[in-house]
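Have the sequence and the 3D view ready as you read.

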Amino acid sequence: MRSRAIARGLRAVAAVVTATAATVMSAVGPAGAAPVQDAGLSPDILAIMNKPAYEHAQWGLLEIDDTTGEVIHSRYPDQFFIPGSTAKLVSVSGTWHTLGGDHRFTTPVQALGTRSGPVLDGSLVLVAQGDLTMGGRTKPDGTVDFTPIDHTYANDIPGATLTPEDPLAGLDGIAGQVRAAGITEVRGDVAIDPRLFTSFSELDPSPTPLIINDNLIDLLTTPTTPGQPAELSWRPQVAPYRVESTVRTVAAGGTTDLVVTASPDGTRITVSGTIAADAQPTLRVSHIQDPNAFGRTALIEALARAGVTVTAPPTGPNPVGDLPPSYDGTDRVAAYVSPVYEQYARLILKVSHNLGANLGICLMAVAAGSHECADGFGGITAFLRQAGIDPTKVQLLDGRGGNPVDRVTPDVENEILHYWQGTPEADRFREALPILGVDGSLAFACAGCPTCPGRGKVWAKPGSVVGFDAVNQRLAVGAETLGGYLAAGHGRLHTFYLAVNGASTQDIDTFLDVVNDLNRIAGLLQEQAEARH
């Protein structure tokens, strides 16, 4: 494949890109039309848009009756906006279209060498297949679990929590299958085959073919009594990782400030700082630096729990140099089968799972026959063209919406949303989105608002891009966005995409006001859509 040249080209394009939105007619409304100022928006919506925080900002909005194609509201529908995580509507759509909603990842374990009764004179190789969770979030009913604020955001957003599932569940299942296959001793090594794909620098966080617990160590600190050490629990506990806590409990109402440091290889982790006696258990995470070595040791330890001994040392580098060119003629002795991709898409969209969104780019590359993730963007292009959507209305250099080049137009997001409504996956795709005031990253949208407009009737993906403005000593909101579906009554839906680029706020609390402003506008649009019908 031409992946390295493509990657270099993408970087060059990212440095000098100047794109113009298309002026063709869209599948759901008139793309390329001149912006309609105010566009019949109600006074309460206009009052939000005219707040001081948006003095120098630009709003974009496109709302369309999905049944008739009527444009209800329109502001700059064909202009590029920074999307933030609403870029995931594009990348997840491409991955879903490429793989199919019912696709399952089968991660096999191959036995190399010869068998003599229960003894394998050779090695076991887990051939990684890009499974996002490896059973670490799978509930008994086969669905994938999530919380409103995912552990992947624990170092950045207060209130992140853990799902109760065992992060090592998939490896334990594999180990049990190896034992059930009659193997009790491996007189050789255990290896992870990571050759499925190779990532590139613009994908941050960078996907790996084997992912255990999102390649994170979870660190949960619980206060005790003032003046005493806090309690620490951590998972998954795999050698040679060690965690030390020097966190002290301070008086109720005191400062909770936890700092995580790690050795260069990530295996020695320290949590320091203070936690208030009345604080909730507080989560932090530390990154696994070598997912393949980690996975190898975790599998050897899982085999030991299942009654299978391995003669090779359990810790150390992954012996990738010993992997065979192919597995023809070898025996498959275990395989972990994942939930369907629709469940993974649900996880990615509900909690804005950045690693999973970037992983989708790599999976599209693999589906196209490439081992280079940079080739995966062709899957997005193919999806858009198959859906009758002009690809020039999208600019992406990752799957998560975090690259400076990333742009979308309001009408392309509406077209994507409209496309899914015409497929057998319509309900599954819509329900994979966060629901206003109910779940995912919109779970708290109605907190403290008993009459919250749109509660339970808006399915939408939010996105945020925010940084520090050193000139004015405040926060600069590069983008706050929201795109999805509004319940319009009598079973009808409206698609919508709402964006504001260039807002300014003083601190994190006023930034949350911006987030809530978009949620409220979406709720008001939903109420008005329902009233229309």
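## What counts as a cavity

A cavity is a set of grid points where a 1.4 Å probe fits but cannot get out, and its lining residues have an atom within 4 Å of a point. Keep in mind that we're working with a predicted model here. Rolling a probe the size of a water molecule over the atoms shows where empty space is left.

## The largest cavity

How many cavities of 30 Å³ or more turn up? The count is 2. The largest cavity has a volume of about 120 Å³. It has 14 lining residues, and the closest to its centre are G136, R137, H151, N213 and D214. Sort that lining by type and you get 3 nonpolar, 7 polar and 4 charged residues.

## The second largest cavity

Next comes the second largest cavity, with a volume of about 40 Å³. Its lining is made up of T95, F105, G130, L132, Y341, Y344, I348, G356, L359, G360 and L363. Two or more of these residues come from each of α6 (341-351) and α7 (354-367), and α7 gives the most, with 4. By type, this lining splits into 7 nonpolar, 4 polar and no charged residues.

## A look at F146

Now find F146, in the loop between β4 (119-127) and α4 (169-180). Is F146 buried or exposed? F146 counts as buried because its relative accessibility is 19%, and the cut-off for buried is under 20%.

Beyond its neighbours within four places in sequence, F146 is in contact with several residues, including R137, R346, V351 and D439. F146 and V351 sit 205 residues apart in sequence, yet their C-alpha atoms are 7.4 Å apart in space.

Conventions. Residues are numbered from 1 along each chain as its sequence is written. This is a predicted model: local features need pLDDT of at least 70, side-chain atom pairs count only at pLDDT 80 or more; totals for chains, interfaces and linings use all residues. Side-chain values use heavy atoms; hydrogens and water are left out. On a 1 Å grid over the protein atoms alone, a cavity is a set of points where a 1.4 Å probe fits but cannot get out, and a pocket is an open set with protein on both sides within 12 Å along at least five of seven lines; lining residues have an atom within 4 Å of a point. Grid points are joined across faces, edges and corners, and a volume is the space filled by probe spheres set on the points. Ala, Val, Leu, Ile, Met, Phe, Trp, Tyr, Cys and Pro count as nonpolar, Asp, Glu, Lys and Arg as charged, and the others, Gly among them, as polar. Buried means under 20% relative accessible area, exposed over 50%, partly exposed in between (1.4 Å probe, protein chains only). Contact means heavy atoms within 4.5 Å.
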